[in-house]
Amino acid sequence: MLGKSGEKVILLGNEAIVRAALESGVQFVSTYPGTPASEIGNLFYELSQSRVRLGQSRVRLGQSRVRLGQGPNRLGKGFLFEFSVNEKIALEAGMGASFSGLKVLVAMKNFGANVCQDALLPLMYSGSLGPMVILVADDPSCHSSAQSEENSRFISYLGHIPMLEPADPAECLEFTKLAFVLSQKFKTPVIIRTTTRVSHQRAIVKLGKFESKIRPPVGEFVKDKEKFVTLPPRVLEMKKELLEKIEKIRDFAEKSSLNRVENERNDINQKIGIITSSVSYLYVLEALKELKTSVPILKLGFFYPLPRKKIERFIRGKKKVLVVEELEPILEKEARELAKEVNPKLEILGKNLLSEVGELKPESITVAIAKLIKKRYNIRQTVYNIRISRRHPQPCPGCPYWLVFGALRQAVNPEKVIWGGDIGCYMLAGTPIIDLQDYLFCMGSSLGIGHGIKKASQQKLIAFIGDSTFFHSGIPALINTVINRSNPLIIILDNRTTAMTGHQPSPGEKIAIEEIVKACGVKNIKVLDPANQKEMIEAVKDFLDKEEVSVIISRHPCLFVK
Amino acid sequence: MKKDKNFNIILCGVGGQGIITLLQVLAEAALLEGYDVRASELHGLSQRGGSVVAHLRFGKKVFSPLIMPGETDLILSLEITEGLRAASLAGETTTFVINKKLIPFQDGPTEEELIRKFKKMKERFQLIDASGICLEKLGKEVLAGTYLLSVAVLNDLIPLKTESILKAMKNKIAPQYLHSNEQAFALGKPSSPLAKEKA
């Protein structure tokens, strides 16, 4: 990834994004880890610590203790990096840096966009100053996600946010560099939206050139109330300006080679068309090869704003068009809307042939295209009819959470307690062997939901939350539990790291969790090591009977933390 | 390798066995030989003792990073159950090179059940005690993947040269682990009946 310009190397999509940011001269990078975006933060972190290998994308396990924000190397001198405490703060920090003139990258998974949405929307109104690219990584089929199969494309509609969708690592490089250029030109943040199959795809990338001069990350905040204060009536003017800006970006999109038509020069299937984007484009090409045919394709690199005229030109002369997109039918609906004007008789296929749930695979797209061109096609059936039950992810052998869960199963009758889960390695408490999980939603929700259940029902409740998750969004919930008076037993699982996403540093290394818990007004606090099972069992039995909220901080480092 | 066709490998096993490193080495080797390469892998949640599957494709021109059902040329599995699970993407000519290692899980098949299932398949598979051999000869089970890789390469099951693999290992494996991996690779040798069947 740190190779010379012009060199052809194999990169992960995420590595290509990092490369693109470096080539563009990024000066401030903030992130909260989340799969499939985590490698981006890990790589910048390694770079800032002067430790990185070509193509290595995982933070090395068992390395010596990391200090945040330290150690510049030649590249490291050019940027500031931080693992922020949550995505909202990561975005806001990025905003501050951008407003001070720095070039900014903020990276998160799809749910992170929910967390920072409150700041993201008014940010679109003010616009950026230093160019800002926001990487949002979706996870169709939830390979590494709980919560939901969230389609973050909708956030562009909500916030009027330009969004580009690269299909592979080479486009990750190209589109991210363009995003910085767009952001500079139009003074607006630009989202690069990937999926697991893009971020975690490996393919050949031709490395580009680094900015000739590495500008140190020194900016200046110049006062500009018209831009940076989002109060009415100025807010409504800003909205108008934003909508006008979007139309200018749309004009750019109409002319951009990121949106292009293929296969319209030959004579095959000219009355038919496929509209596609993101990794689905690659599956479409594979499908056409499999079917030994050719169909005109409109590949959209811009998801927002859509190049409407380009789409209209594409669909105008056609009889049938298949929209190949993952998850919800957004492009399909847009195409239907445009067709009303330019081609009302057009038959549009999409979610009637492809699922709205789960990632698309090349074989299902082949079946859909076969229907489009009325060709017989059957997915090759495996010759081996073997069915094997699913392997449930569980904590690593030797994980301290086995000690915690083991102690709990001895301390109480699990059926008589409600178990609150949250996001992190301990979310695996739901695995059949452990079976200590009755609800699981989003970061920090274990406490809030637990509070609601306790207010409603008086049943015994134990809510788990990890150290990183506690800092991310658990603290306000804990304060709420105290002042709005419910009495769950909260177990903060302090394994001294952010483990699930690759062992990134956790704020608990610098700030003592028990001090915060005490400051929130909790009276019943115990800090213990779950290796001392007897102590844990006694503490749980004792605290479950308390009239007020109680907190056990179960502290034992993750295997991979020295 | 046929001109228009790609070579498709599924690498699989249980999270933590080193599948991603193996993938990086193979992808690099293919790049060194001038092929177009695409791969797809899964990280994160799937690795906490869960199944890990990586698709690797190389050839003149590769479009999809995911292999279509029936198109797999080789399934290289670091664990026996996962090797069988990957059979859902296998075709008539798919070869299996499977590490005998079993990492059991709740409601999963027993070793006897697995071996019975394998025996029902045609002869296109090799069950190798890679973990056992690496533990015995080199003291480290985690080298099983590299050993399996060498079995596949030295038996002509992957259309890549040994030199390319060794060079790729130098490029991709951390310096402190390179030597042991080279030793593991040297352990494989042309052995099985499969060596006589060319792709």
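Me: What share of the contacts in chain A between residues at least 6 apart in sequence join residues at least 24 apart?
Reply: That share is 79%; two residues are in contact if their C-beta atoms, placed from the backbone, lie within 7 Å. This is a predicted model, in which local features need pLDDT of at least 70 and side-chain atom pairs count only at pLDDT 80 or more, while totals for chains, interfaces and linings use all residues. Residues are numbered from 1 along each chain as its sequence is written, and chains are lettered from A and ligands numbered from 1 in the order in which they are written.

Me: Why is chain A called as compact as a globular protein of its length?
Reply: Chain A comes to 19 helices and 19 strands, where helices (H or I, at least four residues) and strands (E, at least two) are DSSP runs numbered from the N terminus. The radius of gyration, taken over C-alpha atoms, is 25 Å, close to the 24 Å that the globule rule gives for 562 residues, so chain A is as compact as a globular protein of that length. The rule is 2.2 Å times the number of residues to the power 0.38.

Me: What percentage of the residues of chain A count as buried?
Reply: Of the 562 residues, 52% do; a buried residue has 20 or more other C-beta atoms, placed from the backbone, within 10 Å of its own.

Me: Why are helix 1 and helix 2 of chain A called oblique?
Reply: The axes of helix 1 (residues 13-23) and helix 2 (residues 38-48) of chain A cross at roughly 50 degrees. Angles under 35 degrees count as roughly parallel, over 145 as roughly antiparallel, 65 to 115 as roughly perpendicular and the rest as oblique, and therefore helix 1 and helix 2 of chain A are oblique to each other.

Methods: Axes fitted to C-alpha atoms, helices over the stretch in contact; angles between N-to-C directions. Buried ≥ 20, exposed ≤ 12 C-beta atoms within 10 Å, placed from the backbone.
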